[in-house]
Amino acid sequence: MVGGVQLGVLAACIVLFVPMGMAGWHLSRNKMLFFSGALFITLAVGVHLTPYFPSIYDALSSLSSSVDDINSRDSCMSFLHHISFLHKSSNLSSVDYAWVSSPPVLACDFQRLGRSDAADLLNGSWVVVAGDSQARLIALSLLSLVLDSEDMEVVKGDLFKRHSDYRMVIGQIGMKLDFIWAPYVGNLTGMITELKRNGNYPDVLVIGSGLWHMLHFTNSSDYGVSLQSLRDLVVSLAPIAPSLAGGLGSVSVRSPHFFWVGMPWLINSMLNTEEKREKMDDAMVSAYNRELYQSKLLRQWGGGPLILLDVESLSRNCGISCTVDGMHYDGVVYEAAAHVMLNALLIESHQKL
């Protein structure tokens, strides 16, 4: 809230610096003193009368509140991945997770959503998840938050058909989820181009790619070029659609919430083929990550359009015991990533469940 103290400081600054500026115009000393005194009295009266004029006071309060909200949202977005994993000593395969208990994280009040809350948040939404096996695991975790265990058994059988797309409508909450197999950035670019051509965008778009390119092309520079093209395309998805046929003019459309599924922590010694161990070493992983950050695709790195779901950070925190092949991790890691996404949606949409 903008109070009398803040306005008083502003008034003092004006009283101090405006006359100093006017001195440069060679005004006489008496004229400067008169102007300074008159200005001070006017501003002092204004400061004291402002609370009695609700429209002015509310406008100033609203402006200050908006700035505070933006700062709070940006701050909380930076703490979303501050998650720790608890390995139960009696059974290393049993892992739980929670946001760390530091004061700034606690102040953000992140939530692990139950089925009812997740269903409320995603009610009526169209979610598109596109990418490689990491994106597929994110899609599986999202569905597990809104479906019961019996339905999930059916989903697993269908969703994990090799290198295939998957579509599901959850009638009870009106949610539609599409998984699109897109192992290369070029596939993602083609998919988004098609969405743009149709002028029909999902509410949430979760994309990610990199592992296949690293294995089959092993060329980080080429990967970076494709990311730049993808970024340019995503940025072009403005919230105002072009003029539509039939002379309807431009219409407002809702821009989707964009997320990027980061690559996991690759444990080279555990990768299950010699080709993977040879091509996907630490140096190559670093080169690919560097291209991702330099592409300015991510909001966290360069103010790009996509929010990073940092699977590398989460999988590293979970540790070696959370993977059997050094690349694909236990479901708890992707469930944590899904909760990061849902909490980001809550922050972005100013909601609280």
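Predicted model: local features only at pLDDT ≥ 70, side-chain atom pairs only at ≥ 80, totals over all residues.
## The cavity

Search the whole structure and you find one cavity of 30 Å³ or more. Eight names make up its lining: Gly 262, Met 263, Asn 289, Leu 292, Tyr 293, Leu 308, Asp 310 and Glu 312.

What kinds of residue are these? The lining of the largest cavity splits into four nonpolar, two polar and two charged residues. As for where they come from, helix 12 (residues 282–294) gives the largest share, with three residues.

Helix 12 has 13 residues, and at 1.5 Å a residue they should span 18 Å; the C-alpha atoms at its ends are 18 Å apart, so the two figures agree. Its buried residues are Met 284, Val 285, Ala 287, Tyr 288, Asn 289, Glu 291 and Leu 292. Asn 289 and Leu 292 turn up again in the lining of the cavity. An α-helix has 3.6 residues a turn, so residues three or four places apart point the same way.

What covers the buried part of helix 12? The cover includes helix 9 (211–216), helix 10 (220–235), strand 7 (257–261), helix 11 (274–279) and helix 13 (311–318).

Thr 218 is another non-glycine residue with a positive phi, here near 50°. Its place is the loop between helix 9 and helix 10. With 25% relative accessibility, Thr 218 counts as partly exposed; the cut-off for buried is under 20%.

## Val 311, at helix 13

Val 311 belongs to helix 13, one of the elements that cover the buried residues of helix 12. Buried or exposed? Val 311 is buried, because its relative accessible area is 0%.

Leaving out residues up to four places away in sequence, Val 311 touches Gln 134, Val 261, Gly 262, Met 263, Pro 264, Val 333 and Tyr 334. Gly 262 and Met 263 are also on the list of residues that line the cavity. Tyr 334 is 23 residues from Val 311 in sequence, and their C-alpha atoms are 7.5 Å apart in space.

## The nonpolar cores

Which residues touch the most other members of the largest nonpolar core? Among its 66 residues, those are Phe 85 and Leu 342. Helix 14 (residues 331–348) supplies the largest share of this core, 13 residues. There is also a second, separate core of 37 residues, with Ala 130, Ile 192, Met 214 and Leu 215 included.

Back to Phe 85: setting aside neighbours within four places in sequence, its contacts are Val 95, Asp 96, Tyr 97, Leu 314, Asn 317, Cys 318, Val 332, Val 333 and Ala 336. Val 333 is a name to notice, as Val 311 touches it too.

Arg 136 is in helix 6 (residues 133–144). Beyond residues up to four places away in sequence, Arg 136 touches Leu 159, Phe 160, Lys 161, His 163, Ser 164, Phe 179 and Trp 181. Tyr 166, 30 residues from Arg 136 along the chain, has its C-alpha atom 9.5 Å from that of Arg 136.

Ala 119 is found in helix 5 (residues 115–122) and, with 11% relative accessibility, counts as buried. Apart from residues up to four places away in sequence, Ala 119 touches Val 146 and Ile 173. Between Ala 119 and Met 175 there are 56 residues of separation in sequence and 8.5 Å in space, C-alpha to C-alpha.

## The whole chain

Zooming out, the protein chain has 14 helices and eight strands. Of its 353 residues, 44% are buried. How far apart in sequence are the partners in its contacts? Taking contacts between residues at least 6 apart in sequence, 69% join residues at least 24 apart.

Technical notes: Residues numbered from 1 in each chain as written. Heavy atoms only, no water. 1 Å grid on protein atoms, 1.4 Å probe; cavity = no way out; pocket = protein on both sides within 12 Å on 5 of 7 lines; lining within 4 Å. Points joined across faces, edges and corners; volume = space filled by probe spheres on them. Helix = DSSP H or I, 4+ residues; strand = E, 2+ residues; numbered from the N terminus. Nonpolar A, V, L, I, M, F, W, Y, C, P; charged D, E, K, R; others polar. Expected span 1.5 Å × (residues − 1). Buried < 20%, exposed > 50% of the residue type's maximum accessible area, 1.4 Å probe, protein only. Contact = heavy atoms within 4.5 Å. Core = buried A, V, L, I, M, F, W, Y, C linked by side-chain atoms within 4.5 Å.
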